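Hi,

Here is the structure we talked about, for you to open and click through.

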Amino acid sequence: MSVLTRDEAQTRAKLLDVHRYTIDLDLTTGDETFDSRTVIRFTARTDADTFIELKPAQLRTAALDGQPLDPETLDGNRLPLKNLTAGEHELHLDASMRYSRTGEGMHRFTDPTDGETYVYTQLFMDDVQRVFAAFDQPDLKAVFDLTVTAPEGWSVLANGITEHLGEGRWQAASTPLIPTYLVAVAAGPWHSVRTEHRDLPFGLHCRRSLAPHLDADAEELLEITKQCYDRYHEKFEEPYPFDSYDQAFVPEFNSGAMENPGLVTFRDDFVYRSAVTDTERQTRAMVIAHEMAHMWFGDLVTLRWWDDIWLNESFAEYMGYQTLTEATRFTDTWTDFGVARKAWGYDADQRPSTHPVAPENVNDTASALLNFDGISYAKGASALRQLVAWLGEKDFLAGINTHFARHKFANAALADFIDSLASATERDVHAWADAWLRTTGVDTLTPVVTPADDGTCTLTVEHTGSRPHHIAVGLYDPDVADEGRHLILRERLDLDIPHTTPEPLGKRPALLLLNDGDLSYAKIRFDPVSFEAVRTSLSGLPDPLTRAVVWNALRDAVRDGQLPPTAYLDTARTHLPYETDLALVQGVLAFAATRVADRYLTSEQRPAALTTLTSLCRDLIRRTEDGDHPGLRLIAVRHLIGVAAHPDTIAAWLADGTVPGGPELDPELRWRVLARLAVLGATDEQAIAAELDRDPSATGQEGAARCRAALPDAEAKARAWQAMFGTDERTDLSNYLFTATARGFWQPEQADLVREYVPRYYEDAVAVAARRGPAIATAVGRWAFPAHAVDTENLQLGEECLDTADPIPALRRTLADELDDLARALRVRQA
């Protein structure tokens, strides 16, 4: 299969003006394939040759302007269109297409709970070619007319309002001009909740087995949707540009969600079957806000080529968090961003695979797919937040609205966006963009506090990096009323970096915190006095966002080898029992368990770390016995299960069906306990099968797969390996079952048992990625990687694989990132 290059796309965009696609899909032809008939009307501006893309099981017929084309000329995914003449043309194609089990193209899923089948499209980047023939690039927008034949009892959702014509035939309203990758179809016996808001149809949809859970949250979901919709209409002068707003929660979805205009698809993990924290509800709400922002940035105005993917994702990420804060009950979203998302950006930006927010060298679609990472999302959103702090929100929104007006239903590039912003301000936005969007890496800001003879002091900031920063500096003093355990904000100074003259501070503060409020994107360090205040009084800081900045600084210091991992654990043990913000508790515990205990400490040090984390979780559980903090208690219970070194306590919970004092063990907690018992060798196949009988859902199937792969038994490991890396297509795991199996397979406690699989991994990973494509390749690299094996042998094997085995791009990128994390873990251990 050929990937599309930027040069090819530019050549084709100059040649063609694509007007309309008429697409007819027949979903009644069997379990393996569906029929796809496409008519494309387009204009050629000059005489030339070009090509159309599709990836069929069989191309039955093709005709251009009534003249048949030879299906045998299909070369990979390209059908040549020779000797086009200037003028109007009509292309007809009739093909059989394969359903997907990997979330790419037309994904087909049969619910094990009730046997009902659902299909949905995910056409991002170049997967539209798996569903219908297309001139597949984002700057050839067109109108799409869609009809679908579906089995009796199914309903069909699409970008526009759909109408049932009878006998299983469904017709969707014509779309406005949209790119090929945003066409969407979802068909099956959906459970739907419908309403209207401002004369626009709104809908929520999920598979029938999840109906009670969707109904339980429908009021919340629709309220957030309406609040975001209203707030965006206050911000944006262009009204919502489509005829309806459906949100479909679909199974085995690879991403969090996809911004298809009029039909946003979400992973159906967001339909909660079990208890969740309020922070998890906030995350779901943020995804709703993020995808709705795309209706303007991405859907109304679309990138011209994939080097500007940040224009889609950074904008939606920033706007999602900001709008949620302004319009909903979730007013503390930037703390969660600082803990969960920003760390993702920092990590990605310090690897060899880093790239600018707005790269200039995205030469083809395969390269572009690799840039959907923490840089395009979290770093880009951080850059926009810094831009708003520097520019002012009024001018920022004025520039955004100019951009929409100039480019609606068309395409734009970085230069267009910057020009629109520049039209609204006297500031040099072009220079800002060069400094922030065209560079890589994370700047570091270090305070230098110089005392004076009169008892006052001044501040200078050592700046490693090249970007300008507009930050706040927090000065905190001890609260004498409680002997200094709490810190009180004395003053917050605005500072522009680089800052060449010493800044007078008055009396020396106990804590001087750079980037207080987290408005910029940089690693910060502490002077010695401030670090001592952090060590003793971190939990006494008054604002959770301030505490998030501090915890991120400690995290960065551990990863950079400047703070011992055990010191991070000690700080968590001291301060986390007093923490009230759920996002902070979750983020700190996750880093402490999965990075510090599992990777940064040696196998000899790990038991002590697990003991520390167990004690910390027990403290949190005791603190929440009054029932006033169910979210905090749930986080503590989950993490105690994950770090349990002995099975007795959690086995008793499973047997009783409850944690003493609550919560009761719902399906998610039961599978979590059983997975840990499997790692510890305290359960067996019989118990796993019994639990699967109790919960035969898709989530239960994944839980069972993870538990079976985690059993400390040579035969269990061999079966799991064969399931992941076998070569029989008939037994290929779906994307979700592959991930579940991979997550169970490698365990630090089982290093000796699985040692023989570490060298096997690289050869088998390359082979299965090449055979099954980018989605599985990413899962292979991320979840099936032997991250527990923190040793030079594993690192060398991985580097040899990259040098000699030629993995496909998706696997190469993921492996490179994992190997860099492995090398970092080795450096932390040595430090």
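One cut-off before anything else: a residue counts as exposed when its relative accessible area is over 50%, and as buried when that value is under 20%. Bear in mind, too, that this is a predicted model.

With that cut-off, take D806 first. Its relative accessibility comes out at 60%, so D806 counts as exposed. You'll find D806 in the loop between α25 and α26 (809–830). The backbone there is worth a look: D806 has a positive phi, about 55°, although it isn't a glycine.

E167 is another non-glycine residue with a positive phi, near 55°. This one sits in the loop that links β12 (162–166) to β13 (169–172). Its relative accessible area is 76%, so E167 is exposed.

Now the cis peptide bonds. One runs from I497 to P498, with omega near 5°. P498 is in the loop between β25 (487–497) and β26 (503–507). Another cis bond goes from G662 to P663, again with omega near 5°. For P663, look in the loop between α17 (648–656) and α18 (667–679).

On to the cysteines. How many disulfides does the structure hold? The count is 0. C707, for instance, is in no disulfide, and the nearest cysteine sulfur, which belongs to C617, is 20 Å away. Is C707 buried or exposed? Its relative accessibility is 0%, under the 20% cut-off, so C707 counts as buried. C228 also has 0% relative accessibility and therefore counts as buried.

Last, the second largest pocket. As background, rolling a probe the size of a water molecule over the atoms shows where empty space is left. In this pocket, that space is about 390 Å³. The lining is made up of 19 residues, and the ones closest to the centre of the pocket are A751, H788, A789, V790 and D791. Two helices, α23 (757–772) and α25 (792–804), each supply at least two residues of that lining. Sorted by class, the lining has 8 charged, 7 nonpolar and 4 polar residues.

Cheers

Technical notes. Residues are numbered from 1 along each chain as its sequence is written. This is a predicted model: local features need pLDDT of at least 70, side-chain atom pairs count only at pLDDT 80 or more; totals for chains, interfaces and linings use all residues. Side-chain values use heavy atoms; hydrogens and water are left out. A disulfide is a pair of cysteine sulfur atoms within 2.5 Å. Buried means under 20% relative accessible area, exposed over 50%, partly exposed in between (1.4 Å probe, protein chains only). On a 1 Å grid over the protein atoms alone, a cavity is a set of points where a 1.4 Å probe fits but cannot get out, and a pocket is an open set with protein on both sides within 12 Å along at least five of seven lines; lining residues have an atom within 4 Å of a point. Grid points are joined across faces, edges and corners, and a volume is the space filled by probe spheres set on the points. Helices (H or I, at least four residues) and strands (E, at least two) are DSSP runs, numbered from the N terminus. Ala, Val, Leu, Ile, Met, Phe, Trp, Tyr, Cys and Pro count as nonpolar, Asp, Glu, Lys and Arg as charged, and the others, Gly among them, as polar.
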